[in-house]
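I opened this notebook to record what I looked up in one structure.

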Amino acid sequence: MIITRRTFVKAAAASAAAFVLPEAAPGAPPAPAMRAVPSSGEMLPAVGLGTWITFNVGDDPVLRDECADVIAAFFEAGGRMIDSSPMYGSSQPVIGYGLEKLGRPEALFSAEKVWTSSDGPEQIERSRRFWGVPRFDLVQVHNLVAWETHLETLFAMKADGRIRYVGITTSEGRRHDLFEQIMRAHPLDFVQLTYNVVDREAEQRLLPLAAERGMAVIANRPFRQGALTQRLEGETLPDWAAEIGAGTWAQFILKFILSHPAVTVAIPATTRVDHVRENVTAATGPLPDATLRERMAAYVRDL
């Protein structure tokens, strides 16, 4: 089952007020589209920065500086959300290093996770010190590990002003039944899940439910950790991709993701400055309608 044209159009109309194309200054590159966080109305650029694998570089000074350059280019392009997890090796201190080197950019929207079966508050505090931020904007229960305990903690932290938003995550289509149950039972601000042009299971229940419940959606693994873009490398980008301003496969995929009216932010990860700029640029210009989305999905499927 996939989203129907009627459902898509209805959802798109309902979310129109949450989608803003900001005007860029004369001579400046186009600014990325902004999406509203339903629970607050806060506006976020529609492309964020993931750090799974790419920022797990340990103490290597050259690689740390390369990650800092990626963060700098991300902010320069208009990005805000950086997403990480204790699961991601050295990614957290590498983010902290980059933020410190850049003078702690005020634009940062920090999205972190709790991933432990034991002391969640201790892990969250350790993560906060790695980042060097006064508090996280968003903390998510990573892959639903000990979710009942952690959600109780996170809602208490939100009530006390120690974090701003609460969420849960899953990836690769796992545990969608439980994920849906939690979405229905708890007032989450964000949900994070896998969604792209070939992984479309979330269209069946989770994305419509997020729209219904007023939850922001973070789309992870947009490129299947690079496997999808590698598969498409060398294949011909269709001429009609120009209709939506997609000049590369990465932009083609991201525009598909962002065109779903329930999606708030996609978080591709990269080690390259040119790629982070390319990714953020995907959030500028037109997006496909329901008919073109199906054409895009069919084109990739048939390659």
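What covers the buried residues of H6? I found that the cover includes helix H5 (147-159), strand S8 (163-169), strand S9 (190-194) and helix H7 (206-213).

Basis of the entries. I worked on a predicted model, in which local features need pLDDT of at least 70 and side-chain atom pairs count only at pLDDT 80 or more, while totals for chains, interfaces and linings use all residues. Residues are numbered from 1 along each chain as its sequence is written, and side-chain values use heavy atoms, with hydrogens and water left out. Helices (H or I, at least four residues) and strands (E, at least two) are DSSP runs, numbered from the N terminus.

Entry on H6. I looked up burial in H6, residues 176-185, and noted His 176, Phe 179, Glu 180, Ile 182 and Met 183 as buried. Buried means under 20% relative accessible area, exposed over 50%, and partly exposed in between (1.4 Å probe, protein chains only). These residues lie on the same side of H6 because they cover an arc of only 165° around the axis, the arc being that of the directions from the helix axis to the C-beta atoms. On the face turned away from the buried side I recorded the exposed residues Gln 181 and Ala 185. Asp 177 also lies in H6; I noted it as partly exposed, with a relative accessible area of 49%.

Entry on H6 and H7. The two axes come within 10 Å and cross at roughly 5°. Axes are lines fitted to C-alpha atoms, for helices over the stretch in contact, and angles run from 0 to 180 degrees between N-to-C directions. That crossing makes H6 roughly parallel to H7, a term for angles under 35 degrees. I listed the contacts (heavy atoms within 4.5 Å): His 176, Phe 179, Glu 180, Met 183, Arg 184 and Ala 185 in H6 meet Leu 206, Leu 209, Ala 210, Glu 212 and Arg 213 in H7.

Entry on the cores. A nonpolar core is a set of buried Ala, Val, Leu, Ile, Met, Phe, Trp, Tyr and Cys residues joined through side-chain atoms within 4.5 Å. The largest has 73 residues, and among those with the most contacts inside it I noted Leu 154 and Met 183. Helix H9 (residues 249-258) gives the most to this core, with eight residues. Apart from it lies another core, of 12 residues, including Phe 190 and Val 265.

Terms used. Parallel < 35°, antiparallel > 145°, perpendicular 65-115°, else oblique.
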